[in-house]
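Please look at the sequence and the model before reading on.

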Amino acid sequence: MSQDIKAHLADLLQTALKSVAPDHAATPIALERPKQESHGDFAANVAMQLARELKKNPREIAQQLVNELPPSAWVEKVDIAGAGFINFTLKAAAKTAVVQAVLAKAGEYGRSNAGGRQKVQVEFVSANPTGPLHVGHGRGAAYGASLSSLLAFVGWDVTREYYVNDAGRQMDILGLSTWLRYLGLYDINVPFPPNGYQGDYVRDMARQIKDAHGNKYLRPAADILAGAPDVEADKEGHLDALIANAKNLLGPDWSYIHQHALSEQLADGKDDLEEFGVHFDVWFSEKSLFDTGLVAKCVEKLEAAGHLYVQNGAKWFRSTAFGDEKDRVVQRENGLFTYFASDIAYHLNKFDRGFDKVINIWGADHHGYIPRVKGALQALDQDEAKLHVALVQFAVLYRNGEKAAMSTRSGEFVTLRQLRGEVGNDACRFFYVLRKSDQHLDFDLDLAKSQTNENPVYYIQYAHARVCSVVKQWGDAGGNEAELAGADLGLLTHPRELAVAARLAAFPEVVANAAADLAPHQVAFYLKDLAADFHSYYNAERMLVDDAALARSRVALAAAVRQVIRNGMALLGVSCPASM
């Protein structure tokens with residue numbers, strides 16, 4: 001509705017321009033909402049835009065434009081303010097017409113086709129499946145899911161993707177850790193490496209293997225430690241030697257240990273995310289990039305194009321030529337490819353799948369990774385401008401005003417599942433997107449659990465529940481929701497009613513801007529403001545007055561508020577209870 005009104009006002013100004021400055025009749029008209037209510041509902045700066053070219057005072061141009069404006073059934077008055085702003089104040093009927101639009105479109109209100117069904121891939125979370133998801137992963141999950149919903153709502157063809165790191169050293173470390181715990185169950189006590197995975201979930205997987213296969217995978221401790229450097233002198237070398245010995249000693253059985261650990265942790269992560277309301281269309285295997293030879297092909301292409309050089313037996317990508325701070329290894333001297341090499345192949349695969357836009361949601365600590373990935377895409381003759389990287393800062397938990405412990409003595413982080421269990425899915429989803437993704441987030445556990453107006457989730461859900469109660473009372477008194485479509489909106493003239501209507505009209509624009517800016521927090525802010533407008537109105541005015549026509553109009557306005565809250569909260573993955 002807001003966009004319709006803006007288009008109408010722009011047409012009025014365009015018509016005036018044809019009379020005042022016909023040579024400039026095609027000048028784009030920008031209309032914005034003034035920050036102060038006294039400045040009207042919309043403001044245009046076109047007079048200031050044309051001042052230099054017309055060699056006139058912008059206020060003079062503004063006055064000439066106002067004099068030539070055609071009459072409009074929607075415009076109450078037009079003022080000139082400041083250096084030459086043209087401010088439009090709308091008639092009450094123009095503001096309240098949005099109520100019928102909301103009720104008619106229902107769940108579709110705010111939806112658009114701005115994306116034009118272009119294909120966009122949103123890759124998010126993508127945590128190594130080496131343990132339970134923690135609170136940091138939760139913020140990326142909530143942000144990615146909300147952003148994906150936003151993009152789909154404005155007409156993009158969205159693919160939600162999780163990149164499974166199932167081919168690297170971290171998975172080997174998890175497989176080794178699980179096997180060592182399994183051996184310990186049979187009193188084969190190889191000193192557990194300090195840089196192995198320590199969590200209880202590793203012991204659980206070890207017990208599963210024992211229960212399923214007994215002593216099948218036992219090997220002597222001396223053989224496992226053979227040739228390994230001293231752990232104190234070379235911690236990483238010691239770990240790599242244990243992994244190599246495990247692979248040699250177990251032979252084909254190593255793949256079972258490795259796959260069991262991967263499957264268990266991946267399944268746990270999937271369950272956790274599904275319970276959190278986060279769904280993926282594609283779970284993409286890093287290992288598949290090696291199996292299909294794409295990693296090797298990418299390195300060969302870079303080499304053939306002259307973007308690699310050899311130093312100390314390793315192959316290096318000249319990423320400094322593309323703005324990176326230093327060159328990067330893509331293939332080590334032992335012939336193994338690096339994580340960076342597989343990341344290049346993965347991004348090339350994304351582009352080969354024909355996405356018009358690719359959005360990576362990464363932790364803020366990956367900021368330095370962006371230039372090298374974009375550089376590699378350029379080196380492979382890809383349009384790196386299609387790649388957009390949204391960074392997500394870590395969330396810090398607070399309890400009783402003090403920073404809460406994020407990890408236990410054993411190094412295990414507070415898990416997403418634990419956080420959800422304490423504050424609930426709704427609070428998690430909303431609080432995670434309450435700030436811009438690249439800003440630090442202080443997650444107040446006490447506030448998230450409170451049933452007060454200071455808790456934004458409760459505040460918005462309570463507004464929804466209040467409307468449900470009003471509509472029910474009205475229905476119990478003989479009202480029928482089908483009658484709301486014929487409500488006389490001309491009866492809604494109170495300033496608070498008009499403020500609520502104006503807020504409702506802004507929703508499609510808020511959604512469009514949030515999607516364009518990759519910023520779901522804008523929807524969260526909007527919902528807080530809408531709830532505040534409604535609570536203020538509800539507390540000041542009776543809904544169910546004796547005048548049946550006025551009561552029906554006020555219930556229609558309230559029902560429109562309920563619908564927009566539902567639409568907005570659905571984008572953020574938050575429920576809207578009918579009672580609280």
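## Helix α15 and what follows

Just after α15, Gly-424 takes a positive phi of about 90°. The model is predicted, so local features need pLDDT of at least 70 and side-chain atom pairs count only at pLDDT 80 or more, while totals for chains, interfaces and linings use all residues. Residues are numbered from 1 along each chain as its sequence is written, and side-chain values use heavy atoms, with hydrogens and water left out.

Helix α15 spans residues 416–423, and its residues Leu-416, Leu-419, Arg-420 and Val-423 are buried (under 20% relative accessible area, with a 1.4 Å probe and protein chains only). These residues are on the same side of α15 because they cover an arc of only 100° around the axis. The buried residues of α15 pack against α5, α10 (253–275), β13 (395–399), α16 (425–432), β15 (441–444) and α17 (445–449). Helices (H or I, at least four residues) and strands (E, at least two) are DSSP runs, numbered from the N terminus.

## A loop residue

The loop between α17 and α18 (456–476) contains Asn-455. Asn-455 counts as buried because its relative accessibility is 2%. Apart from neighbours within four places in sequence, Asn-455 is in contact with Phe-431, Leu-447, Ala-448, Lys-449 and Ser-450, where contact means heavy atoms within 4.5 Å.

## The two pockets

A pocket is an open set of points on a 1 Å grid over the protein atoms alone, where a 1.4 Å probe fits, with protein on both sides within 12 Å along at least five of seven lines; lining residues have an atom within 4 Å of a point. The volume is the space filled by probe spheres set on the points.

The largest pocket has a volume of about 1300 Å³. Its lining consists of 41 residues, and Ser-126, Ala-127, Asn-128, His-134 and His-137 lie nearest its centre. At least two lining residues come from each of α5 (135–153), α13 (339–352) and β11 (357–363). The largest share, 5 residues, is from α13.

The second largest pocket holds about 880 Å³ of space. It is lined by 26 residues, and the closest to its centre are Arg-33, Pro-34, Ala-502, Arg-503 and Ala-506. Two or more residues of this lining come from each of α19 (495–516) and α20 (521–540). Helix α19 gives the largest share, 9 residues.

Terms used
Buried < 20%, exposed > 50% of the residue type's maximum accessible area, 1.4 Å probe, protein only. Arc of directions from axis to C-beta.
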